[in-house]
Amino acid sequence: MSRMAMLRMTLAAIPALLLLSGEASAWSQETHKRIAKDALQYMSSPAATADMRRAANFYGQAAGGLDRAGELIGQAAYDVDDFHDTHLGGWWVGYEHSPIGDLAESLANYTSYWHFLNLTRGADVHGNDHGGYDYRYHTVDGSVLDVDWYAMVYLYNRDLKQSDFDTTEAHYRQGSFSNRDQHYGDFQDTAFQPVDNLGKYWFDQFKSVPTLQSIGFSLHAVGDAAQPHHVYNTTANNHSGWEAWVKDYYDAEGLADANAVTRIAHLYNPLTDIRGLITQVANEAYLHPEPLYATDHATRVQVAKIMIPHAIATTVAVLTKGVNYIHGQGGN
C-alpha cells in the first residue's frame, strides 16, 4: 500500500478514534487502585495467613498506617497507565506518546501496548513463552468499528523511538532478544514485550531498593493479566465498556468479596516466581472470554465475581512475596 493511500486511511480513521476512545489499559485505573487497597485490607484480616499479616504490618509501618499504605501502593498501580515512556512515529510525523496530541489518549496511551500477555499463541519472536500485544494476532470482534484496526491505520509504518527502545523496551526485555528495526520498525508488525516482563522489572526494582511505589508498579501487571481482553490481545471487543462497567459496579455488586478471595488465596503461592504468578492469573482470565462478546449485566457480574477476587488473591501473593524476600524467604 502506498504512503498516500495510508495517509488517506489515517485521516479517515481519526474521527472514529475520537469517537471510540476505548482504553487499552485493562481495568480502569481506579479499579487497579481498589484491587491493591483491598488486597492490603485482606492481608490484615482474620482470614489472612501469618505471612500475609506480617507483610501487611510491614507496609503499614513503612507508610505510617495501613490505609496510607493502600493509598500509596494503589496509586502506584494506578499510575502505570500514565507513563509517557513509549513514543511511536517517524521522521515524517515526529514521535508522540498517544494519538493526535492527547486528543484520543484514552484510546491508547502507547505505554498500554506493553500491558498484554497473549495466551492465544505460544512463544514470540523475542523468545518469551508468550508474547505481548501484536496487531497481527489481535482478536477480531467482527465489528466495522474495530479499535485495533483504527489504531493500526493511524500508526501504520510508525516505529518505536530509539530512546524508548534503549530504556523502556530494554527494561521489559528481561532476558529475551530484541532488534529495533526488525521488531519495532512498523507498528502493524511490532511484537511488544509481554506484561509479565513489566511486572518482573518493577518487582526486581523493589527487591533492589524496596519502595511502596515500585511494588505498586509491579502490581499493575497483575491487574492487567487478570483482565480477559489482555490475554486475548485486543483493545477492541467491548474492552472499554467492560472496564467502565467493572469500575461502576465494583461496590454495588460486591466484586471484591473477601470470602471469594479466601477460597482461592491458597492457589497463589508467594514462593512462585513473579512471572509465574502473573501467568497463573492470566490463565484464569483466559478461561473467561465472555466479556469480549457479551455485554449483558448478568454475564459481566459472573465473570467479574471470578476475576476480581483472583486479581486480589494474586496481589496478596505478590505483596507477601515482597516482604518475604526482604526477610530472606521470598524466592525469585
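Visitor: Let's begin with the overall picture. What is the protein built from?

Guide: The model is predicted, and it has 14 helices and 3 strands. Of its 332 residues, 57% count as buried. The accessible surface comes to about 13000 Å², with 52% of that belonging to carbon and sulfur atoms. As for contacts between residues at least 6 apart in sequence, 75% join residues at least 24 apart.

Visitor: Why is Ala55 called buried?

Guide: Buried means under 20% relative accessible area. Ala55 is at 0%, so the label applies. This residue is found in helix H3, residues 50-63. Setting aside neighbours within four places in sequence, Ala55 is in contact with Met43, Leu319, Thr320 and Val323. Met43 is 12 residues away along the chain, and the two C-alpha atoms are separated by 7.6 Å.

Visitor: What about Leu117: buried or exposed?

Guide: Buried. Its relative accessible area is 1%, and the cut-off is under 20%. Leu117 is found in the loop between E2 and helix H5 (147-155). Beyond four places in sequence, its contacts are His130, Gly131, Pro194, Val195, Asp196, His230, Val231, Thr279 and Ala282. Phe192 is 75 residues from Leu117 in sequence, with 9.7 Å between their C-alpha atoms.

Visitor: What makes Asn237 and Asn238 worth a look?

Guide: Each has a positive phi without being a glycine: about 55° for Asn237 and near 65° for Asn238. Asn237 is found in the loop between helix H10 (228-231) and helix H11 (239-249), and Asn238 is in the loop between H10 and H11 too.

Visitor: Why is Asn238 called partly exposed?

Guide: Exposed takes over 50%, buried takes under 20%, and partly exposed is what lies in between. Asn238 has a relative accessible area of 31%, so it goes in the middle class. Asn237, at 1%, counts as buried.

Visitor: Which residues make the contact between H2 and H4?

Guide: Helix H2 (residues 29-43) and helix H4 (residues 66-79) pack at about 145°, with their axes 8 Å apart. The crossing is right-handed. H2 brings Gln29, Glu30, His32, Lys33, Ala36, Lys37, Leu40 and Gln41. H4 brings Leu66, Asp67, Ala69, Gly70, Glu71, Ile73, Gly74, Gln75, Ala77 and Tyr78.

Visitor: What makes up that contact in terms of nonpolar, polar and charged residues?

Guide: The residues divide into 7 nonpolar, 6 polar and 5 charged. Gly counts as polar, so Gly70 and Gly74 of H4 go in that class.

Notes:
Residues numbered from 1 in each chain as written. Predicted model: local features only at pLDDT ≥ 70, side-chain atom pairs only at ≥ 80, totals over all residues. Heavy atoms only, no water. Helix = DSSP H or I, 4+ residues; strand = E, 2+ residues; numbered from the N terminus. Buried < 20%, exposed > 50% of the residue type's maximum accessible area, 1.4 Å probe, protein only. Contact = heavy atoms within 4.5 Å. Areas by Shrake-Rupley, 256 points an atom, 1.4 Å probe, with all protein chains shown as cover. Axes fitted to C-alpha atoms, helices over the stretch in contact; angles between N-to-C directions. Left-handed = near helix turned anticlockwise from the far one by under 90°.
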